[in-house]
Amino acid sequence: MAIQPLAPGGVIGVLGGGQLGRMLALAAAPLGLKTHVYCPDPDSPAFDVAADHTIAAYDDEAALARFAASVDVVTYEFENVPAETAKLVAGRKPLFPDARALSTTQDRFYEKTFLRNLGLPTPNFAHVDDRATLVAAVAAVGRPSVLKTRRFGYDGKGQGLVREGLALDDALAMMGGQPAILEAFVHFRAEVSVIAARGRSGEFAAYDVVENRHENHILRSSHVPASIRPETAASAVAMAKKIADELKYVGVLGLELFLVDGPTGERVMVNEIAPRVHNSGHWTIEGAATSQFEQHVRAIAGWPLGSTATRGTVTMTNLLGAEADRWRDLLAEPGASLHLYGKGEPKPGRKMGHVTRLA
Ligand code: AMP
């Protein structure tokens with residue numbers, strides 16, 4: 001049976017209470033929708049702005065059942081939702097994006113295999129479980145290459161470079177006993193991303209391609225328009241559509257790509273898929289006709305998608321750690337829009353907020 005669209009007044013359940021959940025809740029409110037945020041951390045930034053919240057573990061079946069009973073549809077703001085949690089919730093209420101989107105994207109080896117089977121370009125890769133598979137992987141992929149844990153990696157955590165001369169025992173030690181994937185190192189010119197949405201009836205809308213700068217593996221800033229040829233941008237968007245269609249995806253996804261120069265000109269290779277709203281889409285709040293957060297809400301609610309038109313030249317800069325202490329200066333800067341996530345301690349590298357500048 002087809003799932004009915006939400007009516008205004010409906011409740012969206014959000015698994016995860018970080019800044020992405022916070023901005024989702026803030027986008028749902030003007031549309032007359034409420035949010036119920038579920039997160040084990042009592043200090044979750046999303047709790048401040050949600051109509052309701054639950055503080056409980058992701059394996060607390062009774063709490064999950066009560067949560068599911070109180071909402072109309074469930075989504076998540078991080079891809080490491082345990083499979084059992086997703087299954088339990090999806091058995092009670094529609095889960096968007098669904099459990100297949102989660103299982104495909106939360107394991108780097110499954111994800112790259114999925115991409116390869118779709119015919120999309122990725123760095124060469126092989127799985128690594130032990131010494132023997134590491135030897136085989138290095139022989140197949142070569143050096144330099146990047147060893148990444150298959151699961152639970154983000155912002156470069158759980159990653160190491162396998163350079164020329166590195167002893168295999170040292171590479172094995174980097175994995176810390178976790179199943180891993182070895183990927184060819186890509187000499188990219190730039191990193192870009194596609195933020196796109198697919199609605200419940202298959203409609204698709206993508207924002208302009210974003211150019212992203214990283215520092216210490218953490219996103220520093222996003223820029224629109226990206227310095228990319230129109231046909232390369234079109235091929236990146238086509239890749240996002242192919243992925244979304246294949247997964248029968250519902251919601252916003254972020255596709256991270258490497259822009260590489262080759263003998264036949266520039267091209268893109270897929271790095272990873274984020275089955276959620278994405279840091280490199282924060283610029284859309286002020287910089288596009290519909291923000292990625294509103295777009296995600298529209299998609300999972302079964303509502304029409306909004307326009308993704310860009311409103312100018314946009315830069316989004318993350319405020320990491322103590323950088324957020326500059327809030328007073330940023331407030332005084334004409335054309336700058338400040339977002340603070342209401343987090344407690346400004347640990348180094350922690351995403352405390354962002355600022356968007358529109359020209
Ligand atoms: P990831 O966690 O896979 O998104 O990786 C974090 C960052 O590490 C990326 O944004 C790149 O800057 C870098 N990186 C990841 N994989 C590769 C690769 N195969 N070659 C070169 N750089 C990489």
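Reader: Which residue stands opposite His53 in E3?

Author: In E3, His53 has Val37 opposite. The model is predicted: local features need pLDDT of at least 70 and side-chain atom pairs count only at pLDDT 80 or more, while totals for chains, interfaces and linings use all residues. Residues are numbered from 1 along each chain as its sequence is written, and side-chain values use heavy atoms, with hydrogens and water left out.

Reader: What makes E2 and E3 a pair?

Author: Strand E2 (residues 34–38) and E3 share 3 bridges in the parallel sense. Pairing requires that DSSP find at least two bridges, so the two strands qualify. Strands (E) are DSSP runs of at least two residues, numbered from the N terminus.

Reader: Why are E3 and E4 called edge strands?

Author: The open parallel sheet has 4 strands in the order E3-E2-E1-E4. Strand E3 (52–54) and strand E4 (73–76) each pair on one side only.

Reader: How do you know where the ligand lies relative to domain 2 and domain 3?

Author: Both domain 2 (124–184) and domain 3 (190–358) give residues to the shell around the ligand, so the ligand lies between them. The domain bounds come from an automatic or database assignment.
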